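Thank you all for coming. I would like to walk you through one structure this morning, so please take a moment to look at it before I go on.

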Amino acid sequence: FDDLPPPSLPRMQLLLLHVVLALQGGTLQGGTSSHSAMRATAACIAAPPEAAGAAPTAASAARLSAGRYSAYEQLRGPYDRAALQRFFALRPLEFGGRLVEFTRAAIAIRDSWRRESDDTQARGVRLREQLAVLGPVAVKLGQTLSQRPDILDEEICEELKPLQTTNKPFDDAEAMRLLSEELEWRGPIAPGVCAPECAEPDGAPLFASISASPIASASLGQVYKATLHDGSEVAVKVQRPSAMRQVATDFAVLTTVLYGIQSTGWGNGDLVEITDIVAAGVFEEMDYRNEAVNAQRFERSLDFLGYVSVPAAVPSLPPTPRVLVTEW
């Protein structure tokens, strides 16, 4: 497959979509069930290969992670659906693997909805679990749905609300690596806290102290509490290393699926356009410099009230696309 010229999008994506939908709908020749086929396909093209031998060190794991996600950084910036299509035309297995994951989650949710033994709460739990596994875009969808009892039952909305506050944090060593890289700091992050493969471990620390683990974790990043050398407390927001990859892949899959749905004549014809609007907002959110600017604009817009303030970015540590340091 890799030796062939990449097929055009959305034709290639629609082909993969038809394959997955065929697996979902019945059995394959030889009696293999669709669920078994889904598991086998996912194991082949969705799961990353495991490294053989001894467990990797924190430094090697961070290095591998950085290399795995670096190609997706070219997609950072304003949302461009055409650019996503060109990018994933060269990565059909990446696209297909994610499509399988989405379909597998949809099957699990559908099966829970159909089981008479599952009450409304159980269905909400299953929906929340599957959205959490799928990553940032699905989590944001769940966060929105949790506030829409006009769409889902109130019990299900309640089960989705933990998605607003509870997200599994990523590795602290990886967060320290990103801090060092984004802020171009060669020394320790704080006394006794070094990024993997720190260039100057005996150099001056960036912060006087930093929390050993994040105090909060969200779908796109997590926050540490740190202290500057002047004693000021600050919040250090670090983006998930996989965020750009997941967001780009998910919106490529979603726009393709919705394109296929629209091509059947279902819907009012603007599903892809609506998704484009949502994607544009998420891609803007992926650059923390925008968040810093928007916070300043928000505060200025409410100056007339006289009592509203917004934590400002720390001038000595300007925001970068993946790191934001603000007042506590």
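Let me begin with a term: when I call a residue buried, I mean that its relative accessible area is under 20%, while exposed means over 50% and partly exposed is what falls in between. Please also keep in mind that what you see is a predicted model.

With that term in hand, we can look at helix α7, which spans residues 136-145 and is mostly covered, since 8 of its 10 residues are buried. The buried ones are Pro136, Val137, Ala138, Val139, Lys140, Gly142, Gln143 and Leu145, and the partners they pack against are α6 (120-134), α8 (154-160), α10 (243-263) and α11 (271-285).

Stepping back to the whole protein, we have 12 helices and 5 strands, and 42% of the 328 residues are buried. If we take the contacts with a separation of 6 or more, 59% of them come from residues 24 or more positions apart. The accessible surface amounts to about 17700 Å², and carbon and sulfur atoms hold 55% of that.

Now to the strands, and to two glutamines. Gln222 sits in strand β3, residues 221-227, and is buried at 1% relative accessibility; its side chain makes a polar contact of 2.8 Å with the side chain of Tyr224. Beyond its neighbours within four places in sequence, Gln222 touches several residues, including Pro169, Phe170, Val236 and Val238.

Gln239, for its part, belongs to strand β4, residues 233-239, and is buried too, with a relative accessibility of 0%. Which residue's side chain does the side chain of Gln239 join in a polar contact of 3.1 Å? That partner is Arg76. Gln239 also has Pro321 among its contacts, and although these two are 82 residues apart in sequence, their C-alpha atoms are 8.5 Å apart in space.

Arg76 leads us on to the charged pairs. The search of the whole structure finds 19 salt bridges, and one of them joins the side chains of Arg76 and Glu73, at 2.7 Å from N to O. Arg76 is buried at 18% relative accessible area, whereas Glu73 is partly exposed at 26%.

A second salt bridge, of 2.5 Å from N to O, is formed by Asp250 and Arg98. This pair links distant parts of the chain, given that Asp250 is in helix α10 and Arg98 is in helix α5 (residues 92-114), 152 residues apart; both Asp250 and Arg98 are buried. Another salt bridge is the one between Glu158 and Lys161, at 2.9 Å, where Glu158 is partly exposed at 48% and Lys161 is partly exposed at 36%. There is also a network of salt bridges that links Glu174, Arg177, Glu181, Glu182 and Arg322.

What about disulfides? The structure holds 0 of them. For Cys198, the closest cysteine sulfur is that of Cys194, and because the distance is 4.3 Å, the two are too far apart for a bond. Cys198 is buried, at 17%, and Cys157 is likewise buried, at 3%.

Note on methods:
Residues are numbered from 1 along each chain as its sequence is written. This is a predicted model: local features need pLDDT of at least 70, side-chain atom pairs count only at pLDDT 80 or more; totals for chains, interfaces and linings use all residues. Side-chain values use heavy atoms; hydrogens and water are left out. Buried means under 20% relative accessible area, exposed over 50%, partly exposed in between (1.4 Å probe, protein chains only). Helices (H or I, at least four residues) and strands (E, at least two) are DSSP runs, numbered from the N terminus. Contact means heavy atoms within 4.5 Å. Accessible areas come from the Shrake-Rupley method with a 1.4 Å probe; for residues, only the protein chains shown count as cover. A disulfide is a pair of cysteine sulfur atoms within 2.5 Å. A polar contact is a pair of N or O atoms within 3.5 Å; within protein, one must be able to donate a hydrogen and the other to accept it, and residues adjacent in sequence count only if both atoms are side-chain atoms. A salt bridge is a side-chain nitrogen of Lys or Arg within 4 Å of a carboxyl oxygen of Asp or Glu.
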